[in-house]
Amino acid sequence: MTTSPRRAVVFTNHKGGVGKTSVSTNVAAEAARAGWRVLLIDLDKQGSAGWDLGYRHDDSTDHGQALLDMITNGDQLRPILADVRPNLDVIPGGQKLTELDLWLMSQVMKGVPPAGMLRPLLTDALNNYDLVIMDTNPGVESVMQTALGAAHWVVIPTQPDWNSIDGLSELAGKVAQARTTSPDVRVLGSVLFDIPANAHQIRKRADDDVTEMLGEEAETFKTRVRSAKKIATLARERGQVAYELATDAANAPAWHSILAKHTLAGAEGANTEESAQGVAPEEDVEYAPKSATGVADDYEQLTSEIIRRIIAREDATEDAAS
Ligand SMILES: Nc1ncnc2c1ncn2[C@@H]1O[C@H](COP(=O)(O)OP(=O)(O)O)[C@@H](O)[C@H]1O
Ligand SMILES: [Mg+2]
């Protein structure tokens with residue numbers, strides 16, 4: 001590679017509830033687990049990434065104060081929470097970013113386009129991380145424009161229903177708008193989120209519809225995130241990403257281990273060391289359901305696809321330049 005990679009990826013969609021945060025946090029955690037240095041920037045005033053990754057559970061978030069200060073002062077963005085997971089640093093978002101909306105609007109009034117604002121503040125981060133991921137909030141025009149203008153790659157999570165897909169053309173317009181100040185911002189692809197099991201027809205239809213709305217370059221990733229409400233709720237309650245829930249599920253003793261405790265032989269040998277090791281868990285120890293494994297597989301494969309596509313497009317750009 002002749003130039004150092006610059007990989008700022010924004011997960012965005014002006015619709016809420018389409019998986020922006022779940023996909024951002026899980027892809028960030030998977031890429032970090034695979035060995036890339038990753039920085040997650042949460043540009044959402046809801047700060048939900050902190051629930052997924054756990055730093056809101058122990059209140060170690062500053063609710064976006066540092067991010068607000070860095071942007072409004074024009075300082076280089078630097079990590080606020082180091083090693084939220086090995087290789088994964090975070091700049092938290094949260095309610096303090098309400099002020100960011102107002103500040104960005106005041107800048108727009110002064111004729112400063114939001115799309116050009118954040119990119120210059122990312123230079124250090126891009127030099128220090130293999131991947132910078134931005135989670136965005138729904139609906140807020142100026143923050144979204146800021147994030148789009150700072151990104152090299154746009155990934156669009158969407159649900160497969162027509163209402164969600166129909167809105168994508170508006171998003172395509174926003175990416176085009178961001179390109180006026182950041183000519184290298186490109187759509188990397190879209191992610192179908194919350195897809196029911198065996199929904200081949202729905203998926204095919206959604207693939208075609210997305211392509212119609214966004215064009216070939218936004219081709220949907222083959223891996224979709226399956227519907228798993230229970231796992232998603234547990235993830236946020238516990239502050240664990242999907243692969244961590246899957247590890248927890250894998251550690252759950254087999255259900256039949258409780259039988260040993262209740263056989264005559266089990267009762268007789270109950271005080272031996274050997275039987276102590278085979279003892280069933282206390283009933284109130286709640287392990288994640290086995291279905292977490294499927295969701296974790298989706299995120300692992302999705303991350304692999306996203307990274308492969310980034311690398312392939314980087315190589316293609318380099319070949320074209322040489
Ligand atoms: N695989 C899934 N299946 C169903 N619901 C999910 C799944 N993953 C996350 N969710 C839930 O969907 C909702 C929206 O997800 P979120 O990632 O917060 O979307 P956004 O950031 O676009 O608003 C949340 O309540 C989340 O718990
Ligand atoms: Mg969100």
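Visitor: Angles of 65 to 115 degrees count as roughly perpendicular. With that in mind, at what angle do helix 1 and helix 15 pack?

Guide: Keep in mind that this is a predicted model. Helix 15 covers residues 292–321, and helix 1 packs against it at an angle of about 75 degrees, the axes being 9 Å apart. The two helices are therefore roughly perpendicular to each other.

Visitor: Why give both an angle and a distance?

Guide: Because two packed helices are described by the angle between their axes together with the distance between those axes.

Visitor: Which residues meet there?

Guide: From helix 1 come N26, V27, E30 and A31, and they meet Y299, E300, L302, T303, I306 and I307 of helix 15. Sorted by class, this contact holds 6 nonpolar, 2 polar and 2 charged residues.

Visitor: Which strands does helix 1 touch?

Guide: Helix 1, residues 20–33, packs on the sheet, and its contacts there include strand 1 (8–11), strand 2 (38–42), strand 5 (131–135), strand 6 (153–158) and strand 7 (186–195). Strand 3, strand 4 and strand 8 are touched by helix 1 too. Relative to strand 5, the direction of helix 1 makes about 165 degrees.

Visitor: Nice. How is that sheet put together: in what order do the strands come?

Guide: The sheet is open and has 8 strands, in the order 3-4-2-5-1-6-7-8, with mixed pairing. Strand 3 (81–85) and strand 8 (225–226) are the edge strands, each pairing on one side only.

Visitor: Do strand 3 and strand 4 pair in the parallel or antiparallel sense, and over how many bridges?

Guide: Antiparallel, over 2 bridges, with strand 4 made of residues 88–91. Within that pair, V90 in strand 4 stands opposite L81. The hairpin of strand 3 and strand 4 has 2 residues between the strands, and N87 there takes a positive phi near 75 degrees.

Visitor: Back to helices. What does helix 9 lie across?

Guide: Helix 9 (residues 200–214) lies across strand 6 and strand 7, and runs at about 150 degrees to strand 7. Helix 9 also has a helix partner: its axis and that of helix 8 (residues 168–178) come within 8 Å and cross at roughly 40 degrees. That makes helix 8 oblique to helix 9.

Visitor: Is that crossing left-handed or right-handed? And who makes the contact?

Guide: Helix 8 passes helix 9 in a right-handed crossing. L168, S169 and A172 of helix 8 make the contact with V210, M213 and L214 of helix 9. The residues in this contact are 5 nonpolar and 1 polar, with no charged ones.

Visitor: What about helix 11 and helix 15: how do they cross?

Guide: Their axes come within 8 Å and cross at roughly 145 degrees, helix 11 being residues 242–251. This crossing is left-handed. A242, Y243, L245, A246 and A249 are the helix 11 side of the contact, and helix 15 brings A292, T293, V295, A296, Y299 and E300.

Visitor: Last topic, ligand 1. How many residues surround it, and which are closest?

Guide: There are 18 residues around ligand 1, and K20, T21, S22, A228 and A232 are the closest. Helix 1, strand 8 and helix 10 (229–238) each give two or more residues to that shell.

Visitor: Which element gives the most?

Guide: Helix 10, with 4 residues. The shell as a whole divides into 5 nonpolar, 8 polar and 5 charged residues.

Terms used: Residues numbered from 1 in each chain as written. Chains lettered and ligands numbered in written order. Predicted model: local features only at pLDDT ≥ 70, side-chain atom pairs only at ≥ 80, totals over all residues. Pairing = 2+ DSSP bridges. Contact = placed C-beta atoms within 7 Å. Axes fitted to C-alpha atoms, helices over the stretch in contact; angles between N-to-C directions. Parallel < 35°, antiparallel > 145°, perpendicular 65-115°, else oblique. Nonpolar A, V, L, I, M, F, W, Y, C, P; charged D, E, K, R; others polar. Left-handed = near helix turned anticlockwise from the far one by under 90°. Near = placed C-beta within 6 Å.
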